[in-house]
Amino acid sequence: DGCGHTVLGPESGTLASINYPRTSPNSTVCEWEIRVKPGQRVQLKFGDFDIDDSDSCHSSYLRVHNGIGPNRTEIGKYCGFGFQMDGLITSKSNEVTVQFMSGIHTSGRGFLAAYSTTDKSDLITCLDNASHFSEPEFNKYCPAGCVIPFADISGTIPHGYRDSSSLCMAGVHAGVVSNTLGGQINVVISKGIPYYEGSLANNVTSKVGPLSTSLFTFKTSGCYGTLGMESGVIPDSHITSSSTLEWPNQTGQVNIWKPENARLKRIGPPWAAFISDEHQWLQIDLNKEKKITGIITTGSTLAEHYYYVSAYRILYSDDAQKWTVYREPGMGKDKIFQGNTELYQEVRNNFIPPIIARFFRINPLKWHQKIAMKVELLGCQFSIGRAPKITLPAPPQNKNDEKNAEFMDDFIHSVKTSLQTDKTTFTPEIKNTTVTPSVTKDVALAAVLVPVLVMVFTTLILILVCAWHWRNRKKKTEGTYDLPYWDRAGWWKGMKQFFPTKSAEHEETPVRYSSSEISHLRPREVPTMLQTESAEYAQPLVGGIVGTLHQRSTFKPEEGKEASYADLDPYNSPIQEVYHAYAEPLPVTGPEYATPIIMDMSSHPSTPLAAPSISTFKAAGNQAPPLVGTCSKLLSRTDSASSAQALYDIPKGQPGPGSADQLVYQVPQSVAHPTVSKDE
């Protein structure tokens with residue numbers, strides 16, 4: 001009573017303890033007798049081993065014997081939690097006995113093992129998945145019996161299976177190996193996908209799976225194309241049935257669910273049998289022998305008619321007279337295929353080995369409400385090679401001739417049946433329906449060059465964008481009142497037209513500087529002050545002109561420096577405390593700038609004492625200009641040389657009107673009505 005999941009095939013199989021992978025019950029025992037073909041030996045591999053060893057394998061253990069019966073000999077006795085057995089256990093004959101004993105224990109999953117003949121050196125167990133192997137492509141042998149209830153798979157063909165899925169169980173689902181026979185699988189690892197679909201195929205349900213880093217699929221022979229039900233290659237006349245459902249609808253119109261309606265994915269009603277019993281069938285004539293590798297079925301696909309077939313048999317024939325029920329090799333009973341579990345889902349079943357026949361018949365055994373279905377066949381073309389031309393003798397004349405004729409008939413029949421068959425399928429041979437092509441040197445070179453070219457083009461684009469951005473930013477740095485870049489050199493000449501012209505008499509009066517002021521100049525600034533070129537300075541702006549020009553500077557900037565109204569005010573510059581740009585010395589013959597404007601004040605009333613006049617002079621040092629309560633008297637200029645000593649406002653802190661040598665400021669006070677006149 002200690003036997004769990006068990007499938008013993010002719011060349012391979014799977015066996016497990018009771019309740020695996022849960023804890024096995026106490027005081028149970030099970031023995032498996034394994035036989036393979038004579039002349040071969042058996043190899044045993046454990047996928048999981050977890051047996052209590054608290055009593056040193058006395059009451060709980062697994063024992064393997066050579067042979068069966070009383071003459072068997074022990075190969076080994078094993079126990080332990082999480083026991084890792086390296087390699088395979090190999091018998092000396094074609095028979096092996098495996099004995100499991102479970103004593104009193106509180107934990108331990110038991111074991112799961114697989115066996116095969118020794119010629120299958122790449123044997124794996126039903127618990128192995130793709131993550132156990134690092135190779136991108138490999139071949140393994142799956143034992144029979146890997147459709148186990150405690151293993152899961154996610155995915156389907158042609159998209160592939162999640163890497164956590166059992167390799168052998170996925171192989172059964174994909175139709176590349178049989179659960180009752182086992183077989184070889186060719187696995188290819190690829191990059192994972194975000195979502196794995198679920199489906200029902202070969203009595204294995206694949207679940208929906210999430211994103212994984214990798215997936216795997218199988219290389220196959222490629223004989224999995226559709227044979228013409230959906231596409232219409234098979235004509236309606238080649239689709240027949242045992243009976244047809246006919247019934248009137250509410251309007252009195254008769255609905256006939258004919259056999260030609262049994263085309264997969266065809267919109268409308270399916271084929272349905274008039275009587276629902278085990279003697280109904282749907283027959284398809286393929287016109288000639290074909291290699292049939294699978295079948296896909298659905299229910300009625302009509303929500304108001306919840307009909308489908310849940311189990312069926314397959315029969316095939318070459319002449320539609322003698323029928324053969326499909327059976328798996330080595331099995332003594334008909335194979336029952338699992339059908340649909342609802343009316344919409346497509347369910348696939350594969351034939352291993354494939355069926356070679358012209359006529360194909362489906363015999364429903366179980367159904368829901370009524371027998372109704374749609375079908376598509378999978379496979380490829382198949383043809384028999386031409387037999388050599390045989391010259392038959394003349395009709396027999398006696399008994400000996402009759403015997404010779406019988407012999408010739410048998411010979412011809414044996415020649416026809418012994419001819420090798422080849423595949424002449426017109427569908428493309430798909431070596432691998434899900435895996436990307438193998439990587440070649442050209443692909444590897446492209447994988448290197450493409451990223452490099454992308455980086456180069458990206459760098460060029462970034463450089464161009466940065467240059468454009470820098471150019472726009474440079475333009476924006478020019479102030480709202482700044483001059484254009486191309487017009488800065490001649491801005492002064494353009495401004496001269498707004499200034500009053502100089503009078504000829506002003507050119508005769510020299511400008512004197514104090515020796516203390518000259519001494520404060522830097523050495524590099526002295527040549528600038530002593531330049532002999534004539535100055536192109538206009539008179540100071542007075543009254544409304546200043547307001548019109550928004551009080552811009554009327555003096556020529558220093559050489560080599562770009563003029564801009566955004567520059568710092570030279571009056572407030574801490575570096576130039578004494579020397580100012582408008583106080584450069586001029587040659588004796590040159591015109592003077594900052595000449596006082598002679599105003600006629602005789603016709604104007606005196607400024608009230610409460611309205612102080614504003615001085616335009618800057619005091620020596622950092623002192624503020626004085627506020628004088630009375631209007632200063634302006635003296636007119638005379639033609640004499642002494643007229644140069646005109647009286648000006650004296651900044652606060654000066655002793656009084658001194659000599660001309662001590663005259664520092666030469667800009668007159670602003671007046672309300674700047675009227676220029678020679679007479680006082």
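Student: Which residue in β8 does V64 stand opposite?

Tutor: V64 stands opposite V98 in β8. This is a predicted model, in which local features need pLDDT of at least 70 and side-chain atom pairs count only at pLDDT 80 or more, while totals for chains, interfaces and linings use all residues. Residues are numbered from 1 along each chain as its sequence is written, and side-chain values use heavy atoms, without hydrogens and water.

Student: How do β5 and β8 pair?

Tutor: Strands of a sheet pair through backbone hydrogen bonds, either parallel or antiparallel. Here β5 (residues 61-66) and β8 (residues 95-102) pair in the antiparallel sense over 6 bridges. Strands are DSSP runs of E with at least two residues, helices of H or I with at least four, numbered from the N terminus; pairing requires at least two DSSP bridges.

Student: Which strands stand at the edges of the sheet?

Tutor: The open sheet has 4 strands in the order β3-β8-β5-β6, with antiparallel pairing. At its edges stand β3 (28-35) and β6 (73-78); each has a single partner strand, so one side of each lacks a neighbour in the sheet.

Student: Is L123 buried or exposed?

Tutor: Buried means under 20% relative accessible area, exposed over 50%, and partly exposed in between, using a 1.4 Å probe and protein chains only. L123 is buried, at 4%, and lies in the loop between β9 (110-117) and β10 (137-142). By contrast, V448 in helix α3 (residues 441-477) is exposed, at 52%.
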